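This report goes through one protein chain, element by element. Please look over the sequence and the structure before reading on.

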Amino acid sequence: MARILIIDDSKLILHVAKTILSKQGHQVLLAEDGKMGLQTAATEHPDLILLDLILPGIDGYQVCQRIKTETATSDIPVIMLTSKSEPADKVRGLEMGTSDYVTKPFDEGELMARVNIHLQIRELHETLKEKNRQLKEMASRDGLTGLHNHRYFQETISKDFQRAVRYHESLSCVMLDIDHFKKFNDNYGHQTGDMVLKVLGGLIRQLMRDSDLLARYGGEEFVLLMYHTASKEAFLISERLRKAVEQHKFQADNLVLTVTVSMGVASFPHPEIADSKTLIECADKALYWAKQEGRNRVVAF
């Protein structure tokens, strides 16, 4: 059930509201003034707040305003408890961000009806947030390999390069391309080619450092972003990955395939690299040189 915070300076109201809500299985938190209410809301993150407008010290209007301006509590629905019958008071509360109001002394049925409505709305809101998060995650992933996609990589390297410049950190970019990938599709079919891509992505992800970023750049190309990693270390890590790929047996039905990769490494700081676009271009040039020199090798820019 829900966690509900009641902020009211009346011990009678606190007792009555707690009794009603507890009967429905809700966990009830109590605060007798605005300051205590704000502290409890910030630390306990309740699902719903019942807030009296007339409070000692910080009044209910101010409490509601602060709840709604704090990121951690802004999504919590607030139902105001008011003994005032003037429409202007209710309007002011709604303008401050309250979701609804109940006039004291309140009817048990009305209180529960309004509480249930706003708990349902909050649950729907949380479900929608989670769906949006999932959609955003899906939009940043490559459908075949499950790795981050080209767009996500471009957005990430742009931000991370700026951070590397600001804090004088090393940042390395590794471009990786499957050697003679066309033959897998031509000789064994596209399903086998897709299998090679998926297995290779999983293999690299398993062997890479958790702190680094791996993405499918496009086609048979992958890209690896290594944080706090200078050129020499990035080269050694890349060479270890290259050897692991060469030694791995890629199985498709009755086939056992050997796959090799060429890799190009570029690192910041470097006198010729001033932005993320150039870092990628230099890694791509190093990859081109690796292919020109015979493939199945790592070349650093």
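The sections below take up a sheet, the helices against it, a helix pair, and several individual residues of this predicted model.

## The five-stranded sheet

Five strands form an open sheet in the order β7-β8-β6-β11-β12, and the pairing is mixed. Strands of a sheet pair through backbone hydrogen bonds, in either a parallel or an antiparallel way. The edges are taken by β7 (213-218) and β12 (298-300); each has a single partner strand, so one side of each is left without a neighbour in the sheet. From one strand to the next, the twist averages 20 degrees.

## The α8 and α9 pair

How do helix α8 (residues 190-207) and helix α9 (residues 231-247) cross? Their axes come within 11 Å, and the crossing angle is roughly 135 degrees. Angles over 145 degrees would count as roughly antiparallel and those from 65 to 115 as roughly perpendicular, so α8 is oblique to α9. The crossing of α8 past α9 is right-handed.

On the α8 side, the contact is made by Leu200, Leu203, Ile204 and Leu207. These residues meet Leu241, Ala244 and Val245 in α9. By residue class, the contact of α8 with α9 divides into 7 nonpolar residues, with no polar and no charged ones.

## Cis peptide bonds

The peptide bond from Lys104 to Pro105 is cis, and its omega is near -5 degrees. Pro105 belongs to the loop between β5 (100-103) and α5 (108-139).

Phe268 and Pro269 are also joined by a cis peptide bond, with omega at about 5 degrees. Here the proline, Pro269, lies in the loop between β11 and α10 (276-292). β11 is also one of the strands of the sheet described above.

Arg295 sits in the loop between α10 and β12. Its relative accessibility is 29%, so Arg295 counts as partly exposed.

Asn296, in the loop between α10 and β12, has a phi near 50 degrees, again positive in a residue other than glycine. Asn296 has a relative accessible area of 21% and is therefore partly exposed.

## Met36 in α2

Met36 is part of helix α2 (residues 34-44). Is Met36 buried, partly exposed or exposed? With a relative accessibility of 35%, Met36 counts as partly exposed. Leaving aside residues up to four places away in sequence, Met36 touches Leu30 and Ala31.

Met36 and Arg151 are 115 residues apart along the chain, and their C-alpha atoms are separated by 46 Å.

Terms used: Residues are numbered from 1 along each chain as its sequence is written. This is a predicted model: local features need pLDDT of at least 70, side-chain atom pairs count only at pLDDT 80 or more; totals for chains, interfaces and linings use all residues. Side-chain values use heavy atoms; hydrogens and water are left out. Axes are lines fitted to C-alpha atoms, for helices over the stretch in contact, and angles run from 0 to 180 degrees between N-to-C directions. Helices (H or I, at least four residues) and strands (E, at least two) are DSSP runs, numbered from the N terminus. Angles under 35 degrees count as roughly parallel, over 145 as roughly antiparallel, 65 to 115 as roughly perpendicular and the rest as oblique. A crossing is left-handed if the near helix is turned anticlockwise from the far one by less than a right angle, and right-handed if clockwise. Contact means heavy atoms within 4.5 Å. Ala, Val, Leu, Ile, Met, Phe, Trp, Tyr, Cys and Pro count as nonpolar, Asp, Glu, Lys and Arg as charged, and the others, Gly among them, as polar. Two strands pair if DSSP finds at least two bridges between them. Buried means under 20% relative accessible area, exposed over 50%, partly exposed in between (1.4 Å probe, protein chains only).
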